[in-house]
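Here's a quick briefing to read with the model open beside you. Grab your viewer and follow along topic by topic.

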Amino acid sequence: MTLALDHRFAGELPELAVSWKAEEAPEPNLLVLNEGLAAELGLDPQWLRSPDGIGLLVGATLPADAAPVAQAYAGHQFGGFAPRLGDGRALLLGELTGADGRLRDLHLKGSGRTPFARGGDGLAAVGPMLREYLISEAMHALGVPTTRALAVVATGRPVYRETILPGAVLARVADSHLRVGSFQYAALVAQSTDDPAVLRRLADHAIARHHPAAAAAANPYLALLDAVVATQAGLVAQWMLIGFVHGVMNTDNMTISGQTIDYGPCAFMEAFDPATVYSSIDSWGRYAYGNQPAVALWNLARFAETLLPLIDEDTDEAIRLAEAHLGAFQMHYEDRWSAGMRAKLGVPDAPVPTTAPLITDLLEQMQQSQVDHTLFYRRLGTAAGGDAEPVRGEFIDLARFDDWLARWRALDPDPAVMDRTNPVYIPRNHLVEAALTAATGGDLAPFTELLAVVSEPFTERPGLERYAEPGDKEFTAGFRTFCGT
């Protein structure tokens, strides 16, 4: 088939791109292909399974006019600033215009060392690449904006970590890979040259690609800040509503588009606890579940700092404006989260003054009783239908919960709304780990089965009960996730 790959990012922002090629994959073997996404992109799944298609998916066989690049960006990692990060093991192959007319990046992960590799080998193992495929597809099915996986291809090359692992490349699709870290890098370039031209071009590129309404505003760059603040507030609210813990909310992992990116040390919370941390590298709990909204605002403040020269020539006035507009984050977040919680409780139209204390009380009780965040809301839906015993059995202080239950029932909750809002199935951590371990050993069946289940998260199906249950407490207590680098 004829494939057109644009190179808009590389052409418009050469200061943020280094021309590069993927390393050869000695024995490429397609492990999983997202046929639905391929169709959205206007790609023939049969062709993608062919040698030429697989060559595209590992970066070896590209159109003659393709211009693959490693992207440059900076970032705050766990609060410390790194001025030069970039795609150390990834390549932007180019931009695709899908069958729906939407422009999206086609990007590889694990394709080999680049000038930004920082001493790493630039490779990736089968397990972490399948994790990103699985979790990103689950997030998509849950209605959360996310990058998506087109394919995972085993390379036939060993990857040396604590043990020798089979290597793989992930083909990822995103509205773009622009991130707060991209702006931080451009701001450094602008400072070093005393010329904001590259920063302005990056901002204009982001506006045109993601937030075109900002172009017509009196101050387009302040409008860009507003748009990113709003979209990120909504995204993090959705994470909180489904119990998703990103695990590595560095500024280079916050997109300008508002899509979730980078599924390294991520996981889904089981027992409700705002202090939940799964990442092996987050020993201080900076990116704990309950900290995610505050961290998002902190990251957005770093984004606002990069835009100051564009917002106003007077630095003090630019700071005043940026701070005032950052103040909208909390409002956007609370509106989205509160609406989401009312829907989870089956009372989407109930007034906030009535539901706010009800929600606060519920979350306190859930934390006290270590109630499973996902199962609880489905069982509460059963209580809305008349059978409260399954959900009552989850609580230590039964009298307090019964009082809460009576106040909630007085609002006449709708069980149908609850079933449409609250998933039955999420990627349970113990099942994810088991599936990835099996796949690393060559058995893809558990991965394929789990993917099928989480791709339809709201539809309860007989015979799938084990996919809805949390892991053993012993497993959960010691569970940690890793970056996969």
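How many cavities of 30 Å³ or more does a search of the whole structure find? It turns up four. Bear in mind that this is a predicted model.

**Cavities**

- Rolling a probe the size of a water molecule over the atoms shows where empty space is left.
- The largest cavity holds about 80 Å³ of space.
- By class, the lining of the largest cavity splits into six nonpolar and eight polar residues, with no charged ones.
- The second largest cavity comes to about 50 Å³.
- Around the second largest cavity you'll find A22, E23, E24, A25, V58, G110, S111, L123, T155, R157 and V169.
- Charge does show up here: the lining of the second largest cavity has three charged residues, alongside five nonpolar and three polar.

- Strand 7 runs over residues 103–109, and seven of its seven residues are buried.
- In a regular strand the side chains alternate between the two faces of the sheet.
- For strand 7, both faces are covered: L103, D105, H107 and K109 are buried on one side, and R104, L106 and L108 are buried on the other.
- Strand 6 (residues 90–97) pairs with strand 7 in the antiparallel sense, over seven bridges.
- Look for T97 opposite L103 of strand 7.
- The hairpin of strands 6 and 7 has five residues between the strands, and G101 there takes a positive phi near 85°.
- Strand 7 also pairs with strand 9 (residues 164–174), again antiparallel, this time over five bridges.
- Within strand 9, R172 is the bridge partner of H107.

**Two buried loop residues**

- G88 sits in the loop between strand 5 (80–82) and strand 6.
- Is G88 buried or exposed? Its relative accessibility is 14%, so G88 counts as buried.
- Leaving out residues up to four places away in sequence, G88 touches G112, R113, T114, F116, A117 and G122.
- G88 and L123 are 35 residues apart along the chain, and their C-alpha atoms are separated by 9.2 Å; L123 also turns up in the lining of the second largest cavity.
- S111, another residue of that lining, belongs to the loop between strand 7 and helix 5 (126–141).
- With a relative accessibility of 4%, S111 counts as buried too.
- Beyond residues up to four places away in sequence, S111 makes contact with A22, E23, R89, A90, L91, G122 and V169.
- Of those contacts, A22, E23 and V169 are also among the residues lining the second largest cavity.

**Helix 6**

- Helix 6 covers residues 180–193, and its 14 residues should span 20 Å at 1.5 Å a residue; the end C-alpha atoms are 20 Å apart, so the two agree.
- Its buried residues are V180, G181, S182, F183, Q184, Y185, A186, A187 and A190.
- What do the buried residues of helix 6 pack against? Their neighbours are strand 4 (75–77), strand 5, helix 7 (197–210), helix 8 (220–242) and helix 9 (292–311).
- Just past the end of helix 6, D194 has a positive phi of about 55°.

**Positive phi away from glycine**

- Most residues other than glycine have a negative phi, and most peptide bonds are trans.
- R118 isn't a glycine, yet its phi is positive at about 55°.
- You'll find R118 in the loop between strand 7 and helix 5, and at 54% relative accessibility R118 counts as exposed.
- Q370 isn't a glycine either, and has a positive phi of about 55°.
- Q370 lies in the loop between helix 12 (352–369) and helix 13 (373–384).
- With a relative accessible area of 42%, Q370 is partly exposed.

Methods
Residues are numbered from 1 along each chain as its sequence is written. This is a predicted model: local features need pLDDT of at least 70, side-chain atom pairs count only at pLDDT 80 or more; totals for chains, interfaces and linings use all residues. Side-chain values use heavy atoms; hydrogens and water are left out. Buried means under 20% relative accessible area, exposed over 50%, partly exposed in between (1.4 Å probe, protein chains only). Helices (H or I, at least four residues) and strands (E, at least two) are DSSP runs, numbered from the N terminus. Two strands pair if DSSP finds at least two bridges between them. Contact means heavy atoms within 4.5 Å. The expected span of a helix is 1.5 Å times one less than its number of residues. On a 1 Å grid over the protein atoms alone, a cavity is a set of points where a 1.4 Å probe fits but cannot get out, and a pocket is an open set with protein on both sides within 12 Å along at least five of seven lines; lining residues have an atom within 4 Å of a point. Grid points are joined across faces, edges and corners, and a volume is the space filled by probe spheres set on the points. Ala, Val, Leu, Ile, Met, Phe, Trp, Tyr, Cys and Pro count as nonpolar, Asp, Glu, Lys and Arg as charged, and the others, Gly among them, as polar.
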